[in-house]
Amino acid sequence: MIGLKTIRRKIFFTLGTSSAQGFTLLELLVVVIITSILTLIALPSMFRHVGKAREVEAKEGLSVFGFAQQGYHFENRTFASSYTDMGVALTPKYYQFSVQSSTPTATISNAVPENLGNDPYRAYSMGVYYEPQNGVFTIILCQSPYGNVISQAPSSSGGSCNNGGVNIQ
């Protein structure tokens, strides 16, 4: 029969050795701290990339509207004053599209983020211009800086973007 002294010795001997497998609380804490620091470093970059990916919606939408405006002008000798006149319908998720102005020789459309200034993506403005003397269409796409600023495409093909906008083509 095993005595109480023998059982105590086996328990204390087993507890005193470091043959148990696993991590200590300190090791787990160090891993959690390192993971948190790496996450804090990576998050701002990830949000910028998400914003740039969402800006593709604005560029694609304005591109569709620009080509539709050219087709409409070819048939009617004037630009459409709304997207429904052209028969174009988009279902944007992050941007609001609107025709800012429309004349027989120029039209300006805007793509403004739903939460302008709160989201990490920019507004865009596109001008489509028709030069009757040579029958050429020109497109200018203006990219706004970050923040609450909305750049406007120029009123003519020879102009430049206003409100700090950058001309991208």
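I take two strands as paired if DSSP finds at least two bridges between them. Strands (E, at least two residues) and helices (H or I, at least four) are DSSP runs, numbered from the N terminus.

**Entry 1: ground rules**

I am working on a predicted model, where local features need pLDDT of at least 70, side-chain atom pairs count only at pLDDT 80 or more, and totals for chains, interfaces and linings use all residues. Residues are numbered from 1 along each chain as its sequence is written, and side-chain values use heavy atoms, with hydrogens and water left out.

**Entry 2: overall layout**

I looked up the secondary structure. The chain has 3 helices and 5 strands. I read the order from the N terminus as α-α-α-β-β-β-β-β. Next I checked burial. I call a residue buried under 20% relative accessible area, exposed over 50%, and partly exposed in between (1.4 Å probe, protein chains only). On that scale, 29% of the 169 residues of the chain are buried.

**Entry 3: strands β1 and β2**

I went to β1 (residues 95-102). It runs antiparallel to β2, and 7 bridges join the two. The hairpin between β1 and β2 passes through 3 residues. I found S102 opposite T107 in β2.

Then I followed the chain past β2. E114 sits in the loop between β2 and β3. It is partly exposed, because its relative accessibility is 39%.

**Entry 4**

I traced β3 (residues 124-131) against β4. They run antiparallel, with 8 bridges between them. Their hairpin leaves 4 residues between the strands. In that turn, G135 has a positive phi of about 65°.

I then took β4 against β5. This pairing is also antiparallel, and it spans 3 bridges.

Which residue of β4 is the bridge partner of S125? I found C142. On the β5 side, C142 has N167 as its bridge partner.

**Entry 4: the disulfide**

I searched for disulfides, meaning cysteine sulfur atoms within 2.5 Å of each other. The structure holds 1. It is formed by C142 and C161, with the sulfur atoms 1.9 Å apart. The link joins distant parts of the chain, 19 residues apart. C142 belongs to strand β4 (residues 136-143). C161 lies in the loop between β4 and β5 (166-168).

Why do I call this disulfide left-handed? Because the torsion about the S-S bond is about -80°.

I checked both ends for burial. C142 has a relative accessible area of 0%, so it is buried. C161 is buried too, at 13%.

**Entry 5: aromatic pairs**

I paired rings of Phe, Tyr and Trp (its six-membered ring) when their centres lie within 6.5 Å. Planes under 30 degrees apart count as stacked, over 60 as edge-to-face, and the rest as tilted. I got 6 aromatic pairs.

Y95 and Y121 make one of them, a tilted pair. Their centres are 5.6 Å apart, with 50° between the planes. This pair also joins distant parts of the chain, 26 residues apart. Y95 is in β1, while Y121 is in the loop between β2 (106-113) and β3. Y95 is buried, because its relative accessibility is 1%. Y121 is buried at 3%.

I looked next at Y130 and F137. Their ring centres are 5.0 Å apart and the planes meet at 45°, so this pair is tilted. Y130 is buried, with 17% relative accessible area. F137 is partly exposed, with 24%.

I also noted a cluster. Ring pairs link F65, Y83 and F97.

**Entry 6: a nonpolar patch**

Patch residues have over 30% relative accessible area and no salt bridge (a Lys or Arg side-chain nitrogen within 4 Å of a carboxyl oxygen of Asp or Glu). Nonpolar side chains (Val, Leu, Ile, Met, Phe, Trp, Tyr) are joined within 5 Å, like charges within 9 Å. Areas come from the Shrake-Rupley method with a 1.4 Å probe, and for residues only the protein chains shown count as cover.

I found a nonpolar patch of about 780 Å². Its members are L26, L29, V30, I33, I34, I37, L38 and I41. I33 lies in helix α2 (residues 25-76). I33 is partly exposed, because its relative accessibility is 44%.
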